[in-house]
Amino acid sequence: MKVEVNGIQLSYEDQGKGLPVLLIHGFPFDHQLWQPQIEALSKNYRVIAPDLRGFGESEIPNDTSGMAQFAGDLIALLDLLGIDQAVICGLSMGGYISLAIAESFPERMLGLVLSNTRSAKDTYAVRQNRYNTAEKVISAGNGFLADDMVGNLLSGKTVEGNPDLVAFVHDMILRQSSAGIYAALRGMAERKDRTFLLSDIEVPTMVIAGKEDSIIPFFESERLVKSLPIGYLEVIEDSGHLSNLEQPERYNEILEKYLESLAVFSK
Ligand code: MLT
């Protein structure tokens, strides 16, 4: 489905009924990152899984997609769908966007899941690398990015033992537009440090970490959870950065347990 928000066509999935859960994908993916979760959760919950601007079927008119802008699109989408409050669940860049929602729209959150993500901004070196990669994607296309990223996104065990998943992730990166990737890389490079707001988050927050995540080292998730007033950490063994795809059963189990605990309070 598509709607117009903030002057662009935004594509999204809206499946199931019940407590609304907004699933925010990471970079450089689209809503299909959440395929196993959409399938499982929509049996008991209303699952909204958008394509962020510049990804999947959503448009991209700008050359920098800031985290606050992504957040604004998603809140506009919830407005159009008549949803006052949702559980916000973001993976990696989706987590950066979730924190932008926590900063500007805390009243819209029923709960928060920060999956394989961090609150800090980029270091100087990472920022420069993002700008360089953004330029290269425009000149060379995103084939090199798909090749370079897959090994970092998935654990060694997944790369060796699950070629179908490797191909699924590789293809998802390949089919994203260079313009969307360019704008998101610049947006991530320019994002601010949102660590300061963690101590003000009032909703129960589950932090999910992949034990073998090479993009978000485990100690960062341990540090993140310590800053949250009502936070707890779930660790997914045998998983790299894409825990929800690498260990979907375990991931769904902890997500469902978390949602059940929230549903009790929101009745
Ligand atoms: C993601 O999965 O969204 C990215 O790895 C985040 C990042 O590059 O910081």
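Start by selecting α3 (residues 93–104): this helix lies across β3, β5 and β6 (109–115), running at about 140 degrees to β5. Contact here means heavy atoms within 4.5 Å. Angles run from 0 to 180 degrees between N-to-C directions, with axes fitted to C-alpha atoms, for helices over the stretch in contact. Helices (H or I, at least four residues) and strands (E, at least two) are DSSP runs, numbered from the N terminus.

You're looking at a predicted model, where local features need pLDDT of at least 70, side-chain atom pairs count only at pLDDT 80 or more, and totals for chains, interfaces and linings use all residues. Residues are numbered from 1 along each chain as its sequence is written, and side-chain values use heavy atoms, with hydrogens and water left out.

Strands β3 (residues 20–24) and β5 (residues 86–91) pair in the parallel sense over four bridges; two strands pair if DSSP finds at least two bridges between them. Click L23 and you'll find its bridge partner in β5, C89. Now show the whole open sheet: eight strands with mixed pairing, in the order β1-β2-β4-β3-β5-β6-β7-β8. At the edges are β1 (2–5) and β8 (231–236), each with a single partner strand, so one side of each has no neighbour in the sheet. From one strand to the next, the twist averages 25 degrees.

Over by β8, select α9 (residues 218–226): this helix lies across β6, β7 (205–210) and β8, at about 160 degrees to β8.

On the α2 side, show M67, A68, F70, A71, L74 and I75; on the α3 side, M93, Y96, I97, A100 and I101. That contact has eleven nonpolar residues, no polar and no charged (Ala, Val, Leu, Ile, Met, Phe, Trp, Tyr, Cys and Pro count as nonpolar, Asp, Glu, Lys and Arg as charged, the others, Gly among them, as polar).

Last stop: the largest pocket, about 670 Å³. A pocket is an open set of points on a 1 Å grid over the protein atoms alone, where a 1.4 Å probe fits, with protein on both sides within 12 Å along at least five of seven lines; lining residues have an atom within 4 Å of a point. Of its 27 lining residues, select V126, N129, R130, M149 and I215, the closest to its centre. The largest share of the lining, six residues, comes from α5.

Definitions and conventions: Grid points are joined across faces, edges and corners, and a volume is the space filled by probe spheres set on the points.
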